[in-house]
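Biologist: I have not worked with this structure before, and I would like to learn how to read it feature by feature. Could we look at it together?

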Amino acid sequence: MKRLNNRSDPLLKLIAVNLFGGAVLGAILATVLLVFDMADLRTLALSGDTALTAIVMLFVCSASTFATAAIAGAIMMLAVSDNDEISGNAPMELGCGADRH
């Protein structure tokens, strides 16, 4: 029986790396939004009684959005092996086909 906490599983590693990368990118974007006060977002967030709640929500929502987008993009970019059946949901090959083996 295969253990669930196998650290060498490539799919879990792919998900973990993209989760972390997307969350960091989302946190960086939220920081840029607040530092440069784009659309008066920092002014609006700090003007109310719940400034900490607004800033935490901005960071959590940005991090989770970018993390899930990074994971989804990585999973959609996985190649279909030659042994797998090609279904209607398989990714299309684009280009002139010069890079084929």
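This is a predicted model: local features need pLDDT of at least 70, side-chain atom pairs count only at pLDDT 80 or more; totals for chains, interfaces and linings use all residues.

Biologist: Where does S62 lie, and is S62 buried or exposed?

Modeller: Helices (H or I, at least four residues) and strands (E, at least two) are DSSP runs, numbered from the N terminus, and S62 belongs to helix 3, which covers residues 51–76. For burial, one takes under 20% relative accessible area as buried, over 50% as exposed and anything in between as partly exposed, using a 1.4 Å probe and protein chains only. S62 counts as buried because its relative accessibility is 11%.

Biologist: Which residues is S62 in contact with, leaving aside its neighbours within four places in sequence?

Modeller: Contact means heavy atoms within 4.5 Å, and on that basis S62 is in contact with G26 and A30. The buried residues of helix 3 also include L58, A63 and I71, and what covers the buried residues of this helix includes helix 1 and helix 2.

Biologist: How does the span of helix 3 compare with the expected one?

Modeller: The expected span of a helix is 1.5 Å times one less than its number of residues. Helix 3, with 26 residues, reaches 38 Å from its first C-alpha to its last, which is close to the expected 38 Å.

Biologist: How many salt bridges does a search of the whole structure find?

Modeller: A salt bridge is a side-chain nitrogen of Lys or Arg within 4 Å of a carboxyl oxygen of Asp or Glu. The search finds one, formed by D37 and R42, whose closest N and O atoms are 3.8 Å apart. D37 counts as buried because its relative accessible area is 16%, whereas R42 is partly exposed because its value is 33%.

Biologist: Where is D37 placed, and what does the side chain of D37 reach at 3.3 Å?

Modeller: D37 sits in the loop between helix 1 and helix 2, and its side chain reaches the backbone nitrogen of L41 at 3.3 Å. Not counting residues up to four places away in sequence, D37 touches R42 and T43.

Biologist: What is the phi of A39, and is A39 buried or exposed?

Modeller: A39 has a positive phi of about 55° although it is not a glycine, and A39 lies in the loop between helix 1 (10–35) and helix 2 (41–47). A39 counts as exposed because its relative accessible area is 81%. In the loop between helix 1 and helix 2 one also finds D40, which has a positive phi of about 55° although it is not a glycine.

Definitions and conventions:
Residues are numbered from 1 along each chain as its sequence is written. Side-chain values use heavy atoms; hydrogens and water are left out. A polar contact is a pair of N or O atoms within 3.5 Å; within protein, one must be able to donate a hydrogen and the other to accept it, and residues adjacent in sequence count only if both atoms are side-chain atoms.
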